[in-house]
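Here is a short note to read alongside the model. Please keep the sequence and the 3D view open while going through the points.

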Amino acid sequence: MSEEELRVGVFVCKCGKNIAHTIDCDAVAEYAKDLPDVVFTGVNMFSCSDPGQQEIEDKIQEHNLNRVVVAACTPRTHEPIFRECVKRAGVNQYLFELANIREHASWVHQKEPEKATEKAKDIVNMAVSKARLLEPLEDLEVNMEPASLIIGAGIAGIRAALDIADQGYQVVLVEKKPTIGGIMALIDKTFPTQDCSICILGPLMTEVGRHPNVKLISNAVVERIDGYVGNFDVSVRKFARFVDESLCKNCGDCADVCPVTVPNEFDENISWRKAIYIPFPQAVPSARVIDPDDCLGMNPITCGKCRDVCEPKAINYDDQDEVFDYKIGTIIVSTGFEIADPLDNPEFGWGRFKNVLTSMEFERIINAAGPTDGHLVRPSDHVEPQKIAFIQCVGSRDVNNNPYCSVFCCMETIKSSLLIKEHYPDAEITVYYMDIRAAGKRFEEIYTSSREQGVKYIRSSIAEIKEDPLTKNLFLSGEDTTKGKYINNEHDLVVLSMGAQKSNESELPLPLSRTPENFYMEAHPKLKPVDTPTAGVFLAGGAESPKSIHDSVTQASAAAGRAIRLMSQGMFPIEGITVQVIADNCTGCGICVERCPYGALEVIDKKLKVTTALCSGCGTCVADCPRDALVAPQFTDEQIKSQISAALETNPEEKLIAFVCNWCSYGGSDLAGISRLQQPTNPRLIRTMCSGRISRDIIQHAYNNGAGSILLSGCHPADCHYLSGNHWAEKRVKRIRSWMKREGIDDWRFRLEWVSAGEGKRWQNLMTEMSEQLIANKETIKPPVKTKEEAS
Amino acid sequence: MVSIVAAQQGREEILDRLKRELYVCFECGKCSGSCVVFRVKDDMNPRLFVSSILEASSIDEILEDENVWSCAICYDCTERCDQGIDFTHTLFELKNLSTEIGKQPQAIKEELATLHATGRTSPINARALKKREALDLPEIQVPDLEAIQGLIDRVTSYGTSEKKVKEE
Amino acid sequence: MTKMALFLGCIIPTKVPKVEKAMRLIAPKLGLELVDFPFSCCPDPTGVKSANELLWLTLAARNLALVQNGDDPLPILALCNGCFETLKMAAIKLQDKQTLALVNDLLKPDGIEIKKLPEVYHVLDFLIKEVGIDKIKEQVVQSLDLRLSIHYGCHYTKPSNLLGTEKPDDPYFMHEILEVLGVEIQPYLEERLCCGAALRFVNNDLALEVLKEKLTSISAVKPDGVAIVCPTCFEAMDRGQKILSRKEESIQKTEFFFLEELLAKSMGFDL
């Protein structure tokens with residue numbers, strides 16, 4: 001700490017009447033005068049107004065203030081304003097502290113002005129105590145590489161790549177398969193407007209393949225991602241293709257002579273391909289590929305036929321994997337989803353009954369470029385089917401497999417029904433459904449159109465499919481739930497409308513969290529739907545959740561926009577509250593490494609290395625460091641303890657110390673204030689960024705100073721702003737309780753509660769309930785065993 | 001363990017619990033479509049049965065429905081329920097309760113009587129013994145009948161005595 | 001030799017003793033030593049359990065207690081779907097300590113107690129998973145010139161979360177064994193339909209209506225017979241076809257073959 005003399009200024013805001021109506025602001029200012037190191041106090045009408053800010057700036061200069069406390073409203077909205085204000089006056093912006101006497105006092109104790117004023121004094125005292133211990137901090141700026149890595153080149157990856165590349169940034173587009181295009185390249189028509197899928201996708205595939213700013217790497221995986229936003233170090237492994245993409249003319253002579261025939265996975269294994277092949281005619285890159293598992297030429301003595309006939313000499317059996325390294329600024333994960341597994345529903349007999357198809361198999365069969373040239377025939381006898389059934393929700397809405405609705409399947413079936421009707425007007429089509437979900441622009445229209453064309457919709461979740469062994473026709477049994485009747489209907493072709501599930505691809509080398517269903521988790525379901533909690537990493541398409549082409553493209557452009565927004569700054573700012581290490585105290589035990597969901601900490605040779613750009617400043621690692629080797633700037637142990645001590649200076653047994661996280665519980669308390677939800681005056685709130693910051697030691701400090709009761713409150717379990725901070729907070733409770741038991745502190749004096757920023761009413765109830773309990777049991781609280789001096 | 005629960009829970013508690021287990025039903029009809037009984041007896045509709053339980057105001061009201069016993073115990077409704085409801089077991093509970101008030105079908109009474117009298121449900125007769133002799137099979141090992149009867153009596157009185165204690 | 005407790009159930013020893021005979025003949029060939037115990041009724045997982053689940057559980061527990069064998073209970077081999085289901089489900093329910101304590105309390109006056117729960121196997125599941133298809137193959141001396149349809153029965157697989165044998169909607173172990181015995185397998189429409197046996201308690205006509213659907217679809221493919229693993233299904237279907245074939249033109253009587261019987265024949269035994 002600098003040697004300079006502490007000069008604290010306290011500005012009490014009246015907020016018009018918002019504060020002054022209940023609280024005697026002059027009395028608060030008068031009280032603050034006697035607090036240690038306070039050299040100036042003043043009262044503003046509106047501290048945050050231009051004149052208010054000017055007054056603060058003037059007084060800072062006039063009195064040479066180096067710590068500033070404003071007693072006004074919530075830091076969640078006003079801290080940035082006042083930080084800028086003190087910065088203009090030449091004081092480091094982190095030497096500022098807001099005392100919230102509006103949401104936490106004047107608005108919630110409107111009927112008790114005297115008590116509210118006393119509480120406001122406490123709050124100011126807490127803020128001054130903390131302010132005296134504040135240290136100047138600097139925001140960091142890191143370099144921003146003007147390049148994006150896009151993982152997965154289905155429609156989402158392609159769209160995002162083009163958006164970013166068109167803005168002049170470099171793009172590395174990595175695709176696992178030998179061609180880009182994903183699922184969209186395989187389907188026939190698209191809803192709601194029946195465009196030919198490959199006709200609208202093909203040009204984009206070509207464009208992205210030729211774009212001067214796009215480095216397209218197919219048949220490849222991302223092997224390594226190190227670093228942090230703006231500065232990712234990435235390695236991409238391109239598997240040997242055995243065909244030189246730049247030489248291959250895609251003439252097909254090689255496939256003509258290839259003696260090996262295997263099922264074609266790009267045709268859902270219902271057709272055959274050679275060991276040297278092109279997935280489909282419009283594939284990009286437009287070059288053949290050799291599947292080394294099938295090719296006999298891997299042993300040159302056995303076969304070399306394709307190499308012998310290849311005029312441009314593009315084939316090389318000795319081709320090796322290549323690894324490319326890139327410096328990347330932002331990443332978009334667009335790895336897509338997989339179609340659910342029909343074997344998870346054995347009651348439908350897929351695999352046993354030839355005429356039961358998945359929707360993807362149907363797409364290939366109805367596709368003009370598919371194995372039957374678009375003729376709809378049933379696989380058992382290649383005869384045109386007359387009575388076709390679609391079964392909805394296969395692999396969706398089933399708690400035993402995928403519990404969610406896959407969103408696109410209803411519309412896919414409606415589209416397919418129209419397509420069949422277009423080519424085979426006499427075909428009888430029946431759709432068996434639970435609920436038709438046609439929620440989207442023009443969706444209801446084509447649902448209506450399908451019914452107008454005679455497609456029958458029966459509300460029935462089919463129970464079982466049986467095959468007549470003689471005709472290979474299928475019997476679908478179930479209940480027609482609109483009629484309450486058992487049905488056992490005969491069809492000659494059945495299409496299972498398959499849902500989506502997260503692809504089984506190996507983990508990406510990125511610390512991304514997943515939903516219980518294994519899809520990637522967005523940073524916020526409403527306000528940050530394409531961001532991830534890791535700065536600089538975004539989501540697009542089916543990797544985030546099952547979705548249609550339309551939604552994938554929308555999300556891809558959104559993700560591209562978010563990535564460009566970062567890259568266009570050239571630099572990335574990092575808040576100064578990131579964790580600091582006291583190297584002398586650290587033994588390299590690695591407990592903190594486990595606490596960090598961002599990979600910001602690692603132990604190398606028993607030494608802790610912090611990657612500041614990855615740290616979000618939650619402080620969870622600090623709370624569990626057994627050696628006090630970590631410091632959470634702006635929320636240090638000393639600062640938090642000083643707030644506690646200040647809050648408990650008078651009548652500690654009547655005080656309820658509430659530790660609240662910035663994002664949820666503090667927000668909940670603010671909401672209670674904004675809503676004027678009246679509460680008892682006992683609580684004293686201490687804000688940290690995350691509930692994970694509060695260590696057992698801090699709780700003990702509060703009890704040792706005589707706190708009546710304590711609330712530890714954070715985000716609801718799955719909602720933690722820092723992914724897992726609340727989880728670690730919860731883990732400490734057991735040890736806190738056993739310590740309390742040893743010290744003879746009753747169990748009711750500690751509570752852990754999750755309160756969201758939307759739960760103002762719940763906050764009011766919790767404060768009321770805990771305060772009433774505290775008052776009722778006040779007499780039973782024994783004074784702390786340790787004296788205050790010992791405790792501090 | 002349902003019979004134990006049935007023996008130890010009051011009827012209102014059982015109704016509440018059954019409803020809690022069935023609330024997740026989204027009436028897709030996979031149970032009824034799977035039900036071999038519904039296939040031949042259209043007033044035994046498991047889907048509608050679930051909704052009538054959810055609307056029932058007492059267990060006795062549910063037990064009025066003779067279809068409590070209309071189950072082939074094939075478990076297909078349980079196996080295929082996308083919401084994880086074990087309706088076969090729900091019916092087992094209801095049948096247990098129905099038996100408590102003596103509403104079980106005659107054939108059930110007969111099977112239990114045979115079980116009590118012989119320790120088995122398919123008694124050994126002369127014809128069977130002759131067949132066995134022809135096949136050179138060893139003598140059938142039979143349990144101590146008195147012990148079996150004692151056990152059956154203990155168990156059948158267990159539930160009621162427990163409940164009495166609870167009711168008092 | 002693996003020592004196992006043979007659980008015959010009520011029906012096999014009295015009504016189809018040839019199944020017991022076949023099992024006793026093939027056991028040594030498969031490396032099994034079968035031990036007999038004075039078991040009671042399993043009891044029936046449909047009738048008794050419907051009436052009183054605690055009674056069903058306690059009687060099952062009594063049977064499980066008989067094979068205690070000190071601290072090393074003998075695994076139980078059940079030849080009937082119903083017996084298998086009862087004993088296996090009971091063994092799982094008794095993993096709950098409270099339930100086990102209650103049941104042991106009820107057994108106490110007879111001086112018996114479950115200390116450790118035995119393994120319970122269905123003969124079909126055991127043949128594939130424990131004996132193995134290769135070992136069965138080795139013992140086959142005679143190929144069976146038969147075209148058979150197959151009926152597994154509900155209680156061999158369901159409830160699947162407790163029984164853990166095969167997927168109820170796609171069982172294939174019997175298919176696998178019969179193929180090894182040289183049997184040609186004849187699929188039919190209602191392969192997975194329940195025999196309706198448990199409906200006999202409620203309404204015999206209802207039971208027959210269910211069975212009618214099943215037998216009609218078997219008659220349609222005219223197999224040499226139907227391979228089965230459950231004596232309860234056998235009783236229901238055999239008794240039912242006698243009645244139904246008299247009044248339904250679409251139903252012809254067929255022969256039922258127990259798996260044990262087919263195995264014994266293919267291993268050269270004359271029954």
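1. Two strands count as paired if DSSP finds at least two bridges between them. Strands (E, at least two residues) and helices (H or I, at least four) are DSSP runs, numbered from the N terminus. In chain A, strand 35 (residues 656–661) and strand 37 (residues 709–714) meet this rule with five bridges, in the parallel sense. One bridge sets A:Val660 against A:Ser713 in strand 37 of chain A.

2. This is a predicted model, in which local features need pLDDT of at least 70 and side-chain atom pairs count only at pLDDT 80 or more, while totals for chains, interfaces and linings use all residues. Residues are numbered from 1 along each chain as its sequence is written, and chains are lettered from A and ligands numbered from 1 in the order in which they are written.

3. Which strand order does the open sheet of four strands in chain A have? The order is 36-35-37-38, with parallel pairing. Strand 36 (683–688) and strand 38 (750–754) of chain A are the edge strands, each pairing on one side only. From one strand to the next, the twist averages 20°. Angles run from 0 to 180 degrees between N-to-C directions, and axes are lines fitted to C-alpha atoms, for helices over the stretch in contact.

4. Helix 17 (residues 665–674) of chain A lies across strand 35, strand 36 and strand 37 of chain A. The helix runs at about 115° to strand 35 of chain A. Contact here requires that the C-beta atoms of two residues, placed from the backbone, lie within 7 Å.

5. Chain B has 11 helices and zero strands. Its division is into domain 1 (2–100) and domain 2 (106–167), with bounds from an automatic or database domain assignment. The C-alpha centres of these two domains of chain B lie 28 Å apart. Among contacts in chain B between residues at least 6 apart in sequence, 68% join residues at least 24 apart.

6. In chain C, strand 5 (residues 147–151) and strand 7 (residues 225–228) run parallel and are joined by four bridges. C:His151 stands opposite C:Ile228 of strand 7. Strand 7 of chain C also pairs with strand 8 (residues 256–258) of chain C, in the parallel sense over three bridges. There, C:Val226 stands opposite C:Phe256.

7. Strand 7, helix 13 (residues 231–247) and strand 8 of chain C make a right-handed β-α-β unit. Right-handed means that, with the strands pointing away from the viewer, the path from the first strand over the helix to the second runs clockwise.
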